[in-house]
Structure formats: structure tokens, C-alpha cells
Amino acid sequence: MKRKAGVFLLSAALMMSGGVGAIHSQAAAVVMEAAYEFQTGTVTVKMHQEMSGLINLLGKTEGYFEAESCAYQGIDKIYTYQSFEISTYPVKGKDYVGSVYFLDNTVSTKEGIKIGSTFDDMVKAYGNGYKEQNSVYRYSSGDCELSFYINSSKKITNIEYLAVKK
């Protein structure tokens with residue numbers, strides 16, 4: 001449970017630093033077009049998408065965590081599935097997808113990048129249009145950032161889709 005709370009705190013920090021928390025309520029209610037979408041099986045998850053429609057499609061969770069939102073009025077939630085977590089943010093009584101965080105290498109981006117892929121694999125799939133800060137490489141498109149966490153061996157250790165306001 002400590003790791004789950006850590007991911008939640010990371011998401012909360014991102015929200016407060018201009019990530020999900022910078023989204024206006026009205027903009028959050030509409031799913032904007034984004035180049036980066038997470039695909040698991042036949043289910044596509046878009047940032048800012050209402051979570052209620054995804055819950056049944058994704059099936060039973062392996063874990064669930066919630067806490068009072070520090071950026072919104074309501075409850076932030078984390079739904080843990082076998083290989084990924086979805087964090088949500090509340091707006092007007094509804095929950096919207098704020099991030100998708102990979103937990104292992106059994107899931108990948110649509111372009112085939114997963115935990116364990118190399119920096120070169122990432123660049124081959126997404127190009128050089130990233131912004132790097134502290135070994136985190138971020139690609140932005142529409143209302144989404146796709147982040148790759150890279151270790152000193154140039155291997156991807158984590159992947160995260162994050163909802164942002166553009």
C-alpha cells in the first residue's frame with residue numbers, strides 16, 4: 001500500500017504543479033482529441049475521459065484507493081489493474097481520467113514501447129520532440145503528455161500518460 005500511496009502523492013504533486021490541476025472544469029468535461037491514448041485489449045483510455053464508462057469495460061480492479069482531492073472539490077481515485085493504474089480527478093460529481101501509470105512490462109503504448117524498452121526504441125517510435133527533465137522524457141500532444149522514465153542504462157523504468165491543459 002505504501003507504493004500505491006506514493007503514486008497517488010506523485011499524481012497529486014503533478015496536479016498542483018500545473019498538470020491535471022490546471023484544467024478548467026468546463027474543459028475537463030469534454031474529451032479533447034489527443035494523439036496519445038492507452039490501449040488495453042479492446043479498451044481505449046483517453047485522458048479527460050469520464051471514468052464511469054470505463055469501469056465495466058476494464059473489469060475487476062486489483063486495488064482501489066481514494067483521498068480528498070487537493071486540486072478539486074471531491075475525491076481523487078486510483079484504480080489498480082493487473083499491469084497499470086488509472087488515477088482520476090473529480091469535476092461536478094463525475095470522475096475523469098487524469099493519468100495512466102504502467103506497473104510492469106506486460107502492457108505497452110500503441111507504438112509498442114514498454115517498461116524495459118530502450119531510449120533508442122522510444123526515439124525511434126516517437127522522435128526527438130521530447131522535453132527532458134531529471135531523466136524523464138515527455139512528449140506532448142493535445143491534452144496529453146506521454147512520459148518515459150529512463151535509468152542510467154538508458155532503459156525505460158516507467159511510463160505514464162498524463163492529462164494536461166493546452
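Leaving aside neighbours within four places in sequence, Ile86 touches Val45, Met51, Leu58, Lys77, Ile78, Tyr79, Tyr81, Val97, Ser99 and Val100. Ile86 is also among the residues that touch the most other members of the largest nonpolar core. The model is predicted. Its protein chain has 166 residues, of which 48% count as buried.

**Overall build**

- The protein chain holds four helices and 10 strands.
- From the N terminus, the order of elements is α-α-β-β-α-β-β-β-β-α-β-β-β-β.
- Take the contacts between residues at least 6 apart in sequence: 45% of them join residues at least 24 apart.
- The accessible surface of the chain is about 8400 Å². Carbon and sulfur atoms account for 50% of that surface.

**Nonpolar core**

- The largest nonpolar core has 32 residues.
- Ile86, Val100, Met122, Phe148 and Tyr161 touch the most other members.
- Helix 3 (52-58) and helix 4 each give two or more residues to this core.
- Strand 2 (43-45), strand 5 (84-91), strand 6, strand 8, strand 9 and strand 10 also give two or more residues each.
- The contacts of Ile86 include Val100, another of the residues with the most core neighbours.
- Lys77 and Ser99 are also among the contacts of Ile86.

- Strand 9 covers residues 144-150, and seven of its seven residues are buried.
- Cys144, Leu146, Phe148 and Ile150 point one way from the strand. Glu145, Ser147 and Tyr149 point the other way. Residues of both sets are buried.
- In general, side chains in a regular strand alternate between the two faces of the sheet.
- Strand 8 (residues 136-141) runs antiparallel to strand 9, and six bridges join the two.
- Strand 10 (residues 156-163) also pairs with strand 9 in the antiparallel sense, over seven bridges.
- Two residues separate strand 8 from strand 9 in their hairpin. Gly142 in that turn has a positive phi of about 60°.
- The hairpin of strand 9 and strand 10 has five residues between the strands. There, Lys154 takes a positive phi near 65°.

**Thr109, a buried loop residue**

- Thr109 sits in the loop between strand 6 and helix 4.
- Thr109 has a relative accessible area of 3%, so this residue counts as buried.
- Beyond its neighbours within four places in sequence, Thr109 contacts Phe102, Tyr126, Leu146, Phe148, Ile159 and Tyr161.
- Of these contacts, Leu146 and Phe148 point the same way from strand 9.
- Phe148 and Tyr161 are also among the core residues that touch the most other members.

**Salt bridges**

- The count comes to four salt bridges.
- Glu37, Lys46 and Lys110 are linked in a network.
- Glu37 meets Lys46 with N and O 3.7 Å apart.
- Glu37 also pairs with Lys110, with the closest N and O atoms 2.9 Å apart. This pair links distant parts of the chain, 73 residues apart. Glu37 lies in the loop between helix 2 (25-28) and strand 1 (38-40). Lys110 lies in the loop between strand 6 (94-102) and helix 4 (119-126).
- Lys46 is partly exposed at 27%, and Lys110 is partly exposed at 47%.
- Asp95 and Lys77 form another salt bridge, their closest N and O atoms being 2.8 Å apart. Asp95 lies in strand 6 and Lys77 in strand 4 (residues 75-80), so the pair ties together parts that are 18 residues apart in sequence.
- Both Asp95 and Lys77 are buried.
- In general, side chains of opposite charge can pair when their charged atoms come close.

**Cysteines**

- The count of disulfides is zero.
- Cys70 is partly exposed, with a relative accessible area of 43%.
- Cys144 is buried, at 0% relative accessibility.
- Cys144 belongs to strand 9 and points the way that Leu146, Phe148 and Ile150 do.

Note on methods:
Residues are numbered from 1 along each chain as its sequence is written. This is a predicted model: local features need pLDDT of at least 70, side-chain atom pairs count only at pLDDT 80 or more; totals for chains, interfaces and linings use all residues. Side-chain values use heavy atoms; hydrogens and water are left out. Buried means under 20% relative accessible area, exposed over 50%, partly exposed in between (1.4 Å probe, protein chains only). Contact means heavy atoms within 4.5 Å. Accessible areas come from the Shrake-Rupley method with a 1.4 Å probe; for residues, only the protein chains shown count as cover. A disulfide is a pair of cysteine sulfur atoms within 2.5 Å. A salt bridge is a side-chain nitrogen of Lys or Arg within 4 Å of a carboxyl oxygen of Asp or Glu. Two strands pair if DSSP finds at least two bridges between them. A nonpolar core is a set of buried Ala, Val, Leu, Ile, Met, Phe, Trp, Tyr and Cys residues joined through side-chain atoms within 4.5 Å.
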